Amino acid sequence: MEKIEHTTISTNGINMHVASIGSGPVILFVHGFPDLWYSWRHQLVSFAALGYRAIAPDLRGYGDSDAPPSIESYTILHIVGDLVGLLDSLGVDRVFLVGHDWGAIVAWWLCMIRPDRVNALVNTSVVFNPRNPSVKPVDAFRALFGDDYYICRFQEPGEIEEDFAQVDTKKLITRFFTSRNPRPPCIPKSVGFRGLPDPPSLPAWLTEQDVRFYGDKFSQKGFTGGLNYYRALNLSWELTAPWTGLQIKVPVKFIVGDLDITYNIPGTKEYIHEGGLKKHVPFLQEVVVMEGVGHFLHQEKPDEVTDHIYGFFKKFRTRETASL
């Protein structure tokens, strides 16, 4: 960990904090909510040892990166633009790409908009959902799960921040990371996150030091930047109309835990295993369902996830090395 370098890059109108280590072909790791570059700490060190240059930024709104105040600054086009600008600033033409949670959504769209910058993708947790021109995403979630669904609860600026503020930040982070409930998370206003039961003792894969790192960063920055990704969902839907119907055309491996809430959304398993995902991601080569694993699989089973990523990317390593 002490060998990981930390720099600040100017990209797309913001300053972005970037953690990196190693040399060789570049792997870009993209985190989700409520997360930081730190979630890839195990993979950064492992892939540096395997001969890669591993890079993990704090996305806009998170950690030591800038957090623009307006919701409109958090559309998927902004986030993809940040990453393209990051690669340009580093002089990197093409990357191997890994995403998780919101980072998976960003990774799908980076491949959609700029496939010329991606050699191959390993995405985790969140499947590619093609844009539905008939319904806005927040409206679809509300129709499916009701107003108490967490994405719907996140929509009103300031409301959920006030709820979060009534819970110790480290305890809140622990609740997010250690949840093993695969059901859709619905949190009534009368209960709130403040009313959820205390998390159990930390699992072996999450240390007090880890929780303290996250707690300190989110106590400093707050959660608004990350929440604004959800608040910009409908605006992103409007802005991405030109890409309706396009497929993801880079080589892909998808990994998910069987206890992940995303895998247990009604219809998702059928979509993944009965050809729906392959229809929209025609170069999908592998799907891995990790048994007994929750949402934060890359932290819960870091070595296994690293092996899955490495096994996929090494098939393309010779071709990429030849082009360097």
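**Figure 1. The largest pocket of the predicted model has a volume of about 1,200 Å³.** Its lining comprises 40 residues, of which Ile-105, Val-127, Asn-129, Pro-137 and Phe-141 are the closest to the centre of the pocket. Several helices contribute to this lining: helix 3, helix 4 (137-145), helix 5 (150-153), helix 10 (233-239) and helix 11 (268-273) each supply at least two residues. The model shown in this and every following view is predicted.

**Figure 2. One cavity of 30 Å³ or more is found in the model.** The space within the largest cavity amounts to about 40 Å³. The residues that line the largest cavity are Trp-109, Met-112, Phe-128, Pro-130, Arg-131, Trp-243, Thr-244, Gly-245 and Leu-246.

**Figure 3. Strand 7 (residues 252-257) is mostly covered, with six of its six residues buried.** In a regular strand, side chains alternate between the two faces of the sheet. In strand 7 both faces are covered: Val-252, Phe-254 and Val-256 are buried on one side, and Lys-253, Ile-255 and Gly-257 are buried on the other. Strand 7 pairs with strand 6 (residues 118-124) in the parallel sense, over four bridges. Within this pairing, Ile-255 of strand 7 is the bridge partner of Thr-124. Strand 7 also runs parallel to strand 8 (residues 284-290), to which six bridges join it. Here Leu-284 of strand 8 is the bridge partner of Val-252.

**Figure 4. The largest nonpolar core contains 101 residues.** Phe-29, Phe-33, Leu-44, Phe-164 and Phe-313 are the residues with the most contacts inside this core. Helix 3 (residues 102-113) provides the largest share of the core, eight residues. Beyond residues up to four places away in sequence, Phe-33 touches Tyr-62, Asp-101, Trp-102, Phe-154, Phe-164, Phe-176, Phe-223, Gly-226, Leu-227, Tyr-230 and Phe-296.

**Figure 5. A cis peptide bond links Phe-33 to Pro-34.** The omega angle of this bond is near -15°. Pro-34 lies in the loop between strand 3 (26-30) and helix 1.

**Figure 6. Asp-101 and Ser-125 have positive phi values although neither is a glycine.** For Asp-101, phi is near 60°. Asp-101 occupies the loop between strand 5 (95-100) and helix 3, and its relative accessible area of 9% is below the 20% limit, so Asp-101 is buried. Asp-101 is also one of the residues that Phe-33 touches. For Ser-125, phi is about 80°.

**Figure 7. Helix 2 (residues 76-90) reaches 21 Å from its first C-alpha to its last.** This distance is close to the 21 Å expected for its 15 residues at 1.5 Å a residue. The buried residues in helix 2 are Ile-76, Ile-79, Val-80, Asp-82, Leu-83, Val-84, Gly-85, Leu-86 and Leu-87. Gly-91 follows helix 2 and has a positive phi, near 70°.

**Figure 8. Helix 8 (residues 208-221) has end C-alpha atoms 20 Å apart.** The separation agrees with expectation because the 14 residues of helix 8 should span 20 Å at 1.5 Å a residue. Asp-210, Val-211, Tyr-214, Gly-215, Lys-217 and Phe-218 are the buried residues of helix 8. These buried residues pack against helix 1 (41-49), helix 7 (169-178) and helix 13 (297-300). Helix 8 is followed by Gly-222, for which phi is positive, near 85°.

**Figure 9. Asn-228 is located in helix 9 (residues 224-231).** Asn-228 counts as buried because its relative accessibility is 2%, under the 20% limit. Leaving aside residues up to four places away in sequence, Asn-228 touches Pro-69, Ser-70, Ile-71 and Tyr-74.

Key. Residues are numbered from 1 along each chain as its sequence is written. Side-chain values use heavy atoms; hydrogens and water are left out. Buried means under 20% relative accessible area, exposed over 50%, partly exposed in between (1.4 Å probe, protein chains only). Contact means heavy atoms within 4.5 Å. Two strands pair if DSSP finds at least two bridges between them. A nonpolar core is a set of buried Ala, Val, Leu, Ile, Met, Phe, Trp, Tyr and Cys residues joined through side-chain atoms within 4.5 Å. The expected span of a helix is 1.5 Å times one less than its number of residues. On a 1 Å grid over the protein atoms alone, a cavity is a set of points where a 1.4 Å probe fits but cannot get out, and a pocket is an open set with protein on both sides within 12 Å along at least five of seven lines; lining residues have an atom within 4 Å of a point. Grid points are joined across faces, edges and corners, and a volume is the space filled by probe spheres set on the points.
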